[in-house]
Amino acid sequence: MKGKRLGLRKYIGLKLFESLYNDVVERHELRTLFWECTLRCNLSCRHCGSDCRMDVGEVDMPLEEFLRVLDEEITPNVDPSRVLIIFSGGEVLVRRDLEEAGREVTRRGYMWGMVTNGMALTEERLRSLVDAGLRSVSVSFDGFEDAHNHIRGNAHSFERARAALRNIRKYKGLAYDAITCVTPAMIERLEEWKEFLISEGIEHWRIFSIFPAGRAAKDDTLHLTTEQFRYLMEFIRSTRREGRIKLNYACEGFLGGYEAEVRDHFYMCNAGVTVASIRVNGDISGCTSVRGNYAQGNIYRDKFWDVWQNRFEEFRHREWTRTGECAKCKVWRFCRGGGMHLRDDNGELMYCHYKMLK
Amino acid sequence: MNKRVKVAILGLLGLSTAACCGTKKANKSQDAEPQPIETDGVDPRIQLMYGVPFPDGEVVRPIEEESATADKGGVPFPDGAVVKPITEEEAEKRIEEMHKEKEQAQAESQE
């Protein structure tokens, strides 16, 4: 089935999945914990969703504070081996105590990973992070040198990201992927870019497109048209069928007939359902991409576990999103109002992926 | 309809991977044996927007060290297998086999 329309097979599949997913919501088991350990960054990307800067007002969260929450609130209530901790930023590698943080969470039985722009991921740094228990890493790699450097605002960023990915591939057992933010400038060159990634030996690739948050909201040149978005979906589907590189579209929104064909899984937003984050200012939220005013508590005021168990209502039960264009939408039951990160400060939907598939 | 039936129907529809996936538990330490795959049914580890791929449970180590032979002063890279003591009988048998291999190699080189 092509495009927006759901075929019968997929409709039945989604109906079954809907009820299974309800169980996941009811269990709300913590499986992924983001620690936004810094908002400092060594780049100033045009599409940054965090709107982070080289010099930020917000200081890094001390490692001791994060470990205190982990020891007092989380570890007693979870099986650490089932929880993945993701260090996120900003750019995490600006923190000099990242290895110490990694060692500490590994010692407690957690797996950990990080997202990086690769600028500071030298061979030596990677080795010390692996020694500290690093298990998974994602590197932003947005396109050929001109496109990547333009979007990242740095003449060396492409070479550094490429070198970082080459270093990562020297490790067996280290999960990784290259993440490409597809902009109109790259859409025509996706085939060429795919061949380049394959020639670099990269096996895991993730694509996302811009959503209007942070700095990206102000730059129209970064947003795909409906035709471009539709082309992107076709490209991902055909690449997956080809099987030469493992490609996934990020968990951005419901995709109608493309469901289960451009991602390994049906669409779902697990923010606040199985995913929590501790923001740099101590706020407790779902994913770090969700806007600040959806914070459910703060580690300096509240008990994390109490917040996780008893709040997050708007993340787990999303009937409140059934307003505006979602009110009469026929696929709301499968989409549940899209990703939480696509909701603005007033709860209105900023971007509908399903609508883009017209 | 219970969970297993739903998962089975999804499988019949060719959508099982979209609805469920295997996840792996972390090793408690780097020395531990990899844990078996734990199938969670419908709690897939989805690729989060700002997330990372879910680790596959393997111990991370450099490929070059894994395949490299020992240098002069070093030792070979361990293969991750659990080291167990062997009996005296087994030890003698292995030594005998080594001698035989050595003799055979010498004989072949003389030919």
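Strands here are DSSP runs of E, at least two residues long, and helices are runs of H or I of at least four, each numbered from the N terminus. This is a predicted model, in which local features need pLDDT of at least 70 and side-chain atom pairs count only at pLDDT 80 or more, while totals for chains, interfaces and linings use all residues. Residues are numbered from 1 along each chain as its sequence is written, and chains are lettered from A and ligands numbered from 1 in the order in which they are written.

Strand 9 of chain A and strand 10 (residues 283–285) of chain A pair in the antiparallel sense over 2 bridges; two strands pair if DSSP finds at least two bridges between them. Between the strands are 4 residues, and Gly282(A) takes a positive phi near 95 degrees.

Next, select Trp35(A), which stands opposite Ile278(A). Strand 1 (residues 32–36) of chain A pairs with strand 9 in the parallel sense over 4 bridges.

Zoom out to chain A's open sheet, where 10 strands follow the order 8-7-6-4-3-2-1-9-10-11 with mixed pairing. Its edges are strand 8 (246–249) and strand 11 (297–298), each pairing on one side only.

Select strand 6 (residues 175–182) of chain A next. How many of its residues are buried? The count is 8 of 8. Strand 6 runs parallel to strand 4 (residues 134–140), joined by 5 bridges, and Ser138(A) stands opposite Asp177(A). Strand 7 (residues 204–209) also pairs with strand 6 in the parallel sense over 5 bridges; look for Arg206(A), the bridge partner of Ile179(A).

Finally, select helix 1 (residues 8–27) of chain A and helix 1 (residues 3–12) of chain B, which pack at about 150 degrees with axes 10 Å apart. Axes are lines fitted to C-alpha atoms over the stretch in contact, with angles from 0 to 180 degrees between N-to-C directions. The two helices are therefore roughly antiparallel (an angle over 145 degrees). Highlight the contact residues, including Phe17(A), Leu20(A), Ile9(B) and Leu10(B); contact means C-beta atoms, placed from the backbone, within 7 Å.

How values were computed: Parallel < 35°, antiparallel > 145°, perpendicular 65-115°, else oblique. Contact = placed C-beta atoms within 7 Å. Buried ≥ 20, exposed ≤ 12 C-beta atoms within 10 Å, placed from the backbone.
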